[in-house]
Structure formats: structure tokens, C-alpha cells
Amino acid sequence: MYKWFADDTELRSIKGLKKPNVFLFGGIIIQPQEERKLRNMIKSIKANYTNPDLPIKWNFKDLKPTYARFRKEKDYQRLLEDSYNWRKEIFERSLDIVYTIVISMLENFQYEKNNLKQIKGELNCILFANSLMRLGLYSQRNGIEEFQIILDWPEKGDPTPFNREYYYAFNRGFSKDGVEFHCGPLSQLGFQESVLFTKMTHSNSLQFADLIMGSFKDFCESYMHKKENSLGRDLTEIVIDKFDKYYNKIIGIGVNIPSNNPDLKRTMTEIFKNYVA
């Protein structure tokens with residue numbers, strides 16, 4: 001069985017924007033035996049700082065209340081102060097593990113509106129559908145017999161939009177909005193009949209997906225904002241060969257951008273010219 005652990009994030013393509021205008025949804029494809037290696041590796045690195053069952057993530061400051069609840073404030077401070085080193089170690093050691101990165105991106109042209117949360121939910125479902133098509137093509141290309149989708153628990157606690165989108169992808173072979181999947185219905189490609197949801201804080205694999213997404217966001221912004229250095233760029237460059245590609249093409253395969261986002265697609269194509277032959 002193959003699994004896709006996925007999370008979402010957002011970025012500002014133009015420095016100084018008050019609200020994010022590009023949304024991202026993605027994560028890692030991995031098999032169970034490799035996932036065990038990944039979990040054990042991450043736990044071994046955590047053990048150098050704290051209990052290996054406590055969580056990590058890109059926006060580590062979000063976890064301060066969690067560490068306080070377990071009376072691990074000193075551990076939290078050590079992890080915060082040494083965040084470059086443990087993140088870098090995780091990414092470097094992950095190179096010995098077999099996994100594939102698949103991410104979808106979408107520009108939000110309504111980013112200045114006040115109902116950003118509602119818009120974000122709608123765009124995440126579009127990104128989810130876009131990702132499902134790419135996962136279906138990945139499954140087709142590699143002859144995969146079983147595929148499971150595992151998502152972080154939705155912000156509002158309501159998985160209905162994702163379940164609805166998955167229903168159409170699995171049974172009908174198109175998105176809720178009628179976009180046809182080039183791979184056909186996921187039910188014919190070994191996908192499980194429903195999505196699984198779990199809390200990122202309970203899953204080391206989702207925590208790694210969160211780190212991948214956070215570093216990729218920072219990687220993109222470093223180029224878009226013309227920053228010479230960034231942690232996300234350093235980390236993403238470590239795992240650049242883990243992105244899904246076909247005949248060495250990453251844009252449209254490992255990094256998917258809808259055709260109605262031509263400017264974003266051109267920008268990302270230009271960025272990735274630095275990393276593909």
C-alpha cells in the first residue's frame with residue numbers, strides 16, 4: 001500500500017501583501033515500510049531534545065501550549081533555539097528513505113476580501129481535487145495496487161468538503177465541479193474508498209509533511225521576494241530530488257498549478273529551472 005500524507009499552507013507571492021494570496025496543499029507519498037523508517041528517524045531526533053512522542057512542525061511556536069501542558073517548557077525552548085539543526089538533520093536523514101513529494105498550488109485572486117476563511121476552504125478543495133488527479137496518474141504510472149489518503153484534521157473540524165470531493169474523484173473520475181480526471185475514477189486505480197483524517201500532533205508522518213510544506217512555502221517566498229538566503233530554501237534544496245517528476249519535469253507533476261494561473265506557473269517554472277537539467 002502507498003499512502004499520501006498531506007497538509008496545507010499559504011504564502012504571499014508579493015512581499016508586503018497583508019494577506020496570503022497563494023494556497024498550497026500537498027505532502028508525501030510513502031509505503032508502510034518506509035514510513036516506519038521515517039517515524040523512527042524523527043522520533044530518534046526528537047529524543048535528543050524531549051519525549052519522542054511530542055510533536056514538531058514548521059511553525060514551531062504554535063506548539064508552545066502543547067509543551068506547557070506536558071510541563072516541557074525547557075524542552076520547547078531548546079527545540080526553538082536549535083530549530084535550524086534538528087530540521088536540517090531530519091531533511092538530510094530523510095534522503096535514506098523512499099518517498100515522493102506532490103504539492104498543488106493555486107493563486108487566490110480574491111485575497112483582499114474579508115471572508116478569507118471561506119475562500120480558503122473552497123480553494124483547498126480545488127487543490128485537493130487537483131492533487132487527487134495527480135496521485136491517480138502517479139498510481140497509473142507505477143502500477144500501484146493500493147493507495148490511501150491521510151489528511152490533517154480540517155481547521156473547522158468539518159471533513160465534509162474533502163469527503164465530498166473524494167466521492168466524485170473515487171466514484172466518477174471527475175471533481176465536484178466537473179473537471180475530468182485524465183486517470184479516470186480512483187476506484188479503478190487501487191485507492192481506498194474513503195479518506196482518513198488524523199491530528200498532525202499525533203502523526204510523525206504528518207509532522208514531516210508539515211515540515212515539507214513549510215519549507216516549500218519559504219523556498220517559494222525566498223525567490224519571489226528576492227531573498228538571498230532562507231531556511232526553507234536550504235531544506236527544500238536538500239530534498240529537491242524527492243519531488244515527483246516525469247522525464248525530469250517537476251512543474252505539472254510534483255508541483256501542480258492550474259492552467260488559469262499562468263503567471264504563477266511561469267514563476268514556478270523559472271524557479272525550478274535552477275534544479276532540473
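How much space lies in the second largest pocket? About 370 Å³ of space lies there.

This is a predicted model, in which local features need pLDDT of at least 70 and side-chain atom pairs count only at pLDDT 80 or more, while totals for chains, interfaces and linings use all residues. Residues are numbered from 1 along each chain as its sequence is written, and side-chain values use heavy atoms, with hydrogens and water left out.

1. The second largest pocket. A pocket is here an open set of points on a 1 Å grid over the protein atoms alone, where a 1.4 Å probe fits, with protein on both sides within 12 Å along at least five of seven lines; lining residues have an atom within 4 Å of a point. A volume is the space filled by probe spheres set on the points, which are joined across faces, edges and corners. The lining of the second largest pocket comprises 17 residues, and N130, M133, R134, V179 and P258 lie nearest its centre. Helix α5 gives the most to this lining, with six residues. Helices (H or I, at least four residues) and strands (E, at least two) are DSSP runs, numbered from the N terminus. By class, the lining has eight nonpolar, five polar and four charged residues; Ala, Val, Leu, Ile, Met, Phe, Trp, Tyr, Cys and Pro count as nonpolar, Asp, Glu, Lys and Arg as charged, and the others, Gly among them, as polar.

2. The largest pocket. The largest pocket has a volume of about 1000 Å³. Its lining consists of 35 residues, of which D8, K120, W153, P154 and E155 lie nearest the centre. The elements that give two or more residues to this lining are β1 (2–11), α5 (116–142), β4 (147–152), α6 (160–171) and α7. The largest share, seven residues, comes from α5. The lining divides into 13 nonpolar, seven polar and 15 charged residues.

3. Helix α8. In α8 (residues 231–238), G232, R233, L235 and T236 are buried, that is, under 20% relative accessible area, where exposed is over 50% and partly exposed in between (1.4 Å probe, protein chains only). Seen down the axis of α8, these buried residues fall within an arc of 170°, so they line one face of the helix; the arc is that of the directions from the helix axis to the C-beta atoms. The buried residues of α8 pack against α4 (83–93) and α7 (204–224), contact meaning heavy atoms within 4.5 Å.

4. The whole structure holds 11 salt bridges, each a side-chain nitrogen of Lys or Arg within 4 Å of a carboxyl oxygen of Asp or Glu. One of them joins E92 and K88, with the closest N and O atoms 2.6 Å apart. Because E92 and K88 are four residues apart in helix α4, they are separated by about one helical turn. E92 is partly exposed at 37% relative accessibility, and K88 is partly exposed at 28%.

5. Further salt bridges. D244 pairs with R141, the closest N and O atoms being 2.7 Å apart. This pair links distant parts of the chain, 103 residues apart: D244 is in the loop between α8 and β6 (255–256), and R141 is in helix α5. D244 is buried, at 6% relative accessible area, whereas R141 is partly exposed at 33%.
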